[in-house]
Amino acid sequence: MGEPENKQSLEEKLRDSSGPELLLNILQKTVKHPLCVKHPPSVKYVRCFLSELIRKHEAVHMEPLDELYEALAEVLMAEEPTQCHRSYLLSCHFEKVRWMESHNVCPSEIGFLCAALTPSRPIQISSLSPGSRINSLPVSAQPSGDSVTLSESTAIVSHGTTGLVTWDAALYLAEWAIENPAAFAHRTVLELGSGAGLTGLAICKTCCPSTYVFSDCHSCVLEQLRGNILLNGLSLEPDTTDPERHPGHNAHDTESPRVTVAQLDWDVVTAPELAAFRPDVIIAADVLYCPETVMSLVRVLQRLSACLKDQQAPEAYIAFTVRSPETCWLFTNELGQTGIPWEAVPHHNQKLFPYEEHLDMAILKLIL
């Protein structure tokens, strides 16, 4: 089904505008959005976004808009810090898209505008207009009005780890979780390799788990992760893998889940430590990046399966970007060797977050 004929490119809409209201609204919905003002995104990203917006504005030969140039001047000479913020609107992303559609901005431009608030690290602003879009959300997706804000490293590799930034499969798994909250509602969730925390925070805010255990092994990742959890208004229980102190399945009266952060090295964690979590659901995102990590993950999944025989078999959802078919084959082959059944999860309908659409991403469901 083709796009409606009345949809216009941003340049066409600007050309038809009689005043600055459209551009001022775009500024307020993006870099001047309260979330961006309170938790500033990458200076480089804001600079690129505003430069591209100015280019589109100047292409229609309109009078200069002072507010655009003033916004650019604020970041033009600013130094890029080692940390920046990324703020992700959850189902409320629907409202932003609806506003843009009500202004007849064509779908190919919507991704460019939405990405200013939730910048995806690898995408350059200049490439967003032709190639990125936010798909229409189903009518059932009601905006929650909630958001996730993360403090992240501006470098892909920092302190010897890649865990200080959000990777695409984490966004993909978060979208699937938001569309499938019943998989997590009133259940204990253990996340392996939580990184910056995007997926877990989205699940905590939209899927009503009873308990959520974030985990990682790198000390800098854990420090940033705890900060991000607190930044998003959640309370932290004691950091522990001690069976005597872990909350397990005890009653919890508040609306927010019990949240803990555990230091978990897949190669040394013991069966009693894993059993203490008593997870109903296990998730991981973008952890299949090399054969060594694949083997470590399979071993910890096998350990979890063996130590949870006295409870209903937990489900595991592993999301990943297919960078190497050989690595993916190794993972599924090793699962078969250890007797862990798996199946591919169908691609979901929602696209809430900006990431490169040409990437081949998948989610496997495992029964432990």
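Biologist: Is helix H10, residues 198-206, largely enclosed or open in this structure?

Modeller: Count its buried residues. A residue is buried under 20% relative accessible area. In this predicted model, 7 of the 9 residues of H10 are buried, so the rest of the structure largely encloses the helix.

Biologist: Which residues of H10 are buried?

Modeller: Leu198, Thr199, Gly200, Leu201, Ala202, Ile203 and Cys204. Just after H10, Cys208 has a positive phi of about 55°.

Biologist: Which residue pairs with Lys205 in a salt bridge?

Modeller: Side chains of opposite charge can pair when their charged atoms come close. Lys205 pairs with Asp146, with 3.4 Å between the closest N and O atoms. This pair links distant parts of the chain: Lys205 sits in H10, Asp146 in the loop between helix H8 and strand E2, 59 residues apart. Lys205 is partly exposed at 22%, and Asp146 is partly exposed at 28%.

Biologist: How many salt bridges does the whole structure hold?

Modeller: The search finds 8. One of them joins Asp286 and Arg323, with closest N and O atoms 2.9 Å apart. Asp286 lies in the loop between strand E6 and helix H13, Arg323 in the loop between strand E7 and helix H14. Asp286 is buried at 10%, while Arg323 is partly exposed at 49%.

Biologist: What separates Arg55 and Glu52 in helix H4?

Modeller: An α-helix has 3.6 residues a turn, so residues three or four places apart point the same way. Arg55 and Glu52 are 3 residues apart in H4, about one helical turn. They form a salt bridge at 2.8 Å between the closest N and O atoms. Arg55 is partly exposed at 43%, but Glu52 is buried at 11%.

Notes:
Residues numbered from 1 in each chain as written. Predicted model: local features only at pLDDT ≥ 70, side-chain atom pairs only at ≥ 80, totals over all residues. Heavy atoms only, no water. Buried < 20%, exposed > 50% of the residue type's maximum accessible area, 1.4 Å probe, protein only. Helix = DSSP H or I, 4+ residues; strand = E, 2+ residues; numbered from the N terminus. Salt bridge = Lys/Arg side-chain N within 4 Å of Asp/Glu carboxyl O.
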